Amino acid sequence: MTPSVGHARSGRSAPASIVAPDDLVDAAQALFADGMRLALVSGHDDGGSLRATYLFTSGPPDTRVELHVPLDHNRPHVPTLAALSFPASRFERELADLFGIEPLGHPQLRRLVLHQHWPAGWHPMRQGSGDPPEMVTGAGSFPFVPVDGPGVYEIPVGPVHAGLIEPGHFRFWVVGETILRMKARLWFVHKGIERLFEGKDVAAGLEIAERISGDTAVGHALAYCQAVEAACAMPVSDHAHVLRAVLLELERLYNHVADIGALCNDVGFGIAHAWALSLRERLLQLNREVTGHRLLRNGVVPGGARVDRLPRPAELAEVSHRFEELVELASSNALVMERFAGTAVLDEAHARALGVVGVVARAAGVAFDARRSHPFIDLGPLLSPARRASGDVLGRYLVRIDEVRSSLAILADLVPRAGDLHAVGSSETTATDGPGSAGVGICEGWRGVVVHRVEVDGRRRLRRVKVVDPSFLNWPALSVALADTIVPDFPLANKSFNLSYAGNDL
Amino acid sequence: MTGAWPVGAVAAISVLQVLGVVVGGPLLVGLMRKVRCRLEGRVGPPVHQPLLDLRKLARRERTRPDQASWIFSAVPVVLVATTLVIALVAPLLATDPAFGWSADLFALVYLLLVGSVALALGALDTGTAFGGMGASRAMTIGALSEPALLVAVLALSVPAHSSNVPTIVARSLTHPAWLATPQRLLSLVAFLIVIVAESGRLPVDNPSTHLELTMIHEAMVLEYAGADLALVKLGESMRLAVLLALFADLFVPWGVATGPGIGHVVVAVVAIAAKVAALGVALAVFEVAVAKLRLFRVPELLAGAFVLAVLAVVSALVVP
């Protein structure tokens, strides 16, 4: 279980130890004590046998450790890690729903992924689970924790919302305008995406990975490709790494710009929204010229990267200029800043305890960034730490601004390094007839860290793909941040998190 | 007041006022939207788009919540009717409209209030969480803005020794120096803040949001559809037009016809349209520059309006 020192490469297999279920808690405790985070928990049904995989990561230096837990097929169970890690408790509930693996001693073993109307005992990720069964009518309702008291009332919102928003149900318990408690009920768009990967060729899996969450096409494609490359021992040239880094930053750019405008729109400052949308459109057109797709699909491919052309320095300068104008417009408006400041605070202690990642974590003072912890390319001092301690909407707004600036600086540096070679690498490596292997990919998508773990068979067919979108880790933090927030500020708080429903629901 | 108005002319002017408010209200909203869009770098819908929307909605099916009572259906009618009464009796075009004797400032303010309360009742009647939320917020704001409006109005009626609007307008025209007194200016600012709050515009409410949880006015009318919604939208835009027209009447009265004659009336129509349009454009420009206040800051703004109104009254009583 010796952690290996990371090289400038993030797609690789992690050193693994086989741990009996009874030893899992001790092994995990030792890894948490070393400062590692639980990045992924994945169940596996190999036909006759079940197992669970726990991926722990830390960095820099890039360190990954896997614990493989073989399970009793007749009564699969693992001891819960809920007391050690909040994310673990959620991964375990997912295991229980999808694989029927019971986390013993779990403090809150309720359904997570599967809504109440699916029959008990049906676990869709088990081999032979077959087609989805008939929905149970009259199934129990969702166990909302009742909140009672003088003047307390409930506001149910969604799952269908006004505007182009993904489905999610929010239940508020409110006194006057102050939120006492908020429960987000998700998984309305659970599509069984991990199952869709199974049996596909590794190249065909890319299409699915790019569509896990439409706004994170590069993030998911990159983590997927890194995992596949590690599993299949595909070489990737340094040049391809540069192109991938360019695409990753282009994705961060257009999403952060849109978010900054949307935050302003949610406080009624429409002009900044209009400016941001116009700048986003410019970036989408640039994306289209770079990869042939406005959302940057088909740029990252297994074994390499493919671009039609690179952004020109003049274009980056124009984007930078327009972005600074936008920031000046929004940040100089005292009313806008007043709305952002102190709204929906997620403090550092809660952020760490909940294991949040990405923009939300960095706005709460947690410096975790996979570009630094699990680098596939050395960005050096260009990757300035975007970090704020306030944990409020203003902090998340400012982190996004910092990250846009740093992305533009990174792009300005990378584009000359990428030279004039546009398409590099291919997935044409010979298939080995080995027993199959596994690989992990980690990258910092615009929302936060994206992790894929892939297992392939000897003919390069996907046996199991486990996806962790940053939204899965960040959703619970939204409810926590809403303490003492007023109802009309919820949309603003929600927008400042801007989590994906599709990426969470899978 | 001045000269003898033939009965036919008085009736014609009142009809003209009502028609002007019914058509002018939606056009005003369209104009304000257009200005906002242009300032934000967007093209925006045509100015007459709200009229087209009304026609579209009027043809659509009305849907009603199962649990709603007759109150829900009566609200759009009450809203439009109260505003129509104001449009009929207020001296928008001439200082002597039909039933001008009834156009007491307090009566007009309470007619507006009847519309607001009706909307809140209709919202509560739906039984939905959003309706109740919007009604509670609207009443909180209304409870603070109505007193400010009343006191501001009181300051205007002191020098005129009358709370009858036609009388105030007529006497203002003969005593233009009144218009620059401290009480006028204080009351003007209070009146403006109340207009913004009452008509649900930024920074108090955001009329263009789709976020239910942030809504005040829109949350109350979420359940209306078809012709009911058309009436509600018409009522809203008419209220805005009437408020701005009253504001123009009280603070910049020039152009209002003081005597009979077709020429006077033409001048009055052009003047009121220009004044209301200018006020609408100014409001729209202001809206582009501000963001929406946090809900709990709105009472502070309205308390400010109330203080200004009180100061206006004190100043009106002290300064002769």
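## Where the chains meet

The contact takes 26 residues from chain A and 23 residues from chain B. Two residues are in contact if their C-beta atoms, placed from the backbone, lie within 7 Å. This is a predicted model: local features need pLDDT of at least 70, side-chain atom pairs count only at pLDDT 80 or more, and totals for chains, interfaces and linings use all residues. Residues are numbered from 1 along each chain as its sequence is written, while chains are lettered from A and ligands numbered from 1 in the order in which they are written.

On the side of chain A that touches chain B, the elements giving two or more residues are strand 7 (152-157), helix 7 (270-291), helix 9 (334-340) and helix 15 (490-497) of chain A. Helices (H or I, at least four residues) and strands (E, at least two) are DSSP runs, numbered from the N terminus. Helix 7 of chain A gives the most, with 5 residues. By class, this side of chain A has 16 nonpolar, 5 polar and 5 charged residues. Ala, Val, Leu, Ile, Met, Phe, Trp, Tyr, Cys and Pro count as nonpolar, Asp, Glu, Lys and Arg as charged, and the others, Gly among them, as polar.

## A hairpin in chain A

Strand 2 (residues 37-45) of chain A is mostly covered: 9 of its 9 residues are buried. Buried means that 20 or more other C-beta atoms lie within 10 Å of the residue's own; exposed means 12 or fewer, and partly exposed is in between.

Strand 2 pairs with strand 3 (residues 50-58) of chain A in the antiparallel sense, over 8 bridges. Two strands pair if DSSP finds at least two bridges between them. A:G43 stands opposite A:A52 in strand 3 of chain A. The two strands form a hairpin with 4 residues between them, and A:G47 in the turn has a positive phi of about 90 degrees.

Strand 13 and strand 14 (residues 449-456) of chain A pair over 8 bridges. Here A:G439 stands opposite A:V454.

## Two helices in chain B

Helix 3 (residues 70-89) and helix 9 (residues 226-251) of chain B have axes that come within 8 Å and cross at roughly 30 degrees. Axes are lines fitted to C-alpha atoms, for helices over the stretch in contact, and angles run from 0 to 180 degrees between N-to-C directions. The two helices of chain B are therefore roughly parallel to each other. Angles under 35 degrees count as roughly parallel, over 145 as roughly antiparallel, 65 to 115 as roughly perpendicular and the rest as oblique.

By class, the contact of helix 3 with helix 9 of chain B has 11 nonpolar, 2 polar and 2 charged residues.

A cis peptide bond joins A:G59 and A:P60, with omega about -15 degrees. A:P60 lies in the loop between strand 3 and strand 4 (63-71) of chain A. Another cis peptide bond joins A:G158 and A:P159, with omega about 10 degrees.

Phi of A:A233 is near 55 degrees, a positive value in a residue other than glycine. A:A233 counts as partly exposed, with 13 C-beta neighbours inside 10 Å. Phi of A:L296 is near 65 degrees, also positive. A:L296 is buried, with 28 other C-beta atoms within 10 Å.
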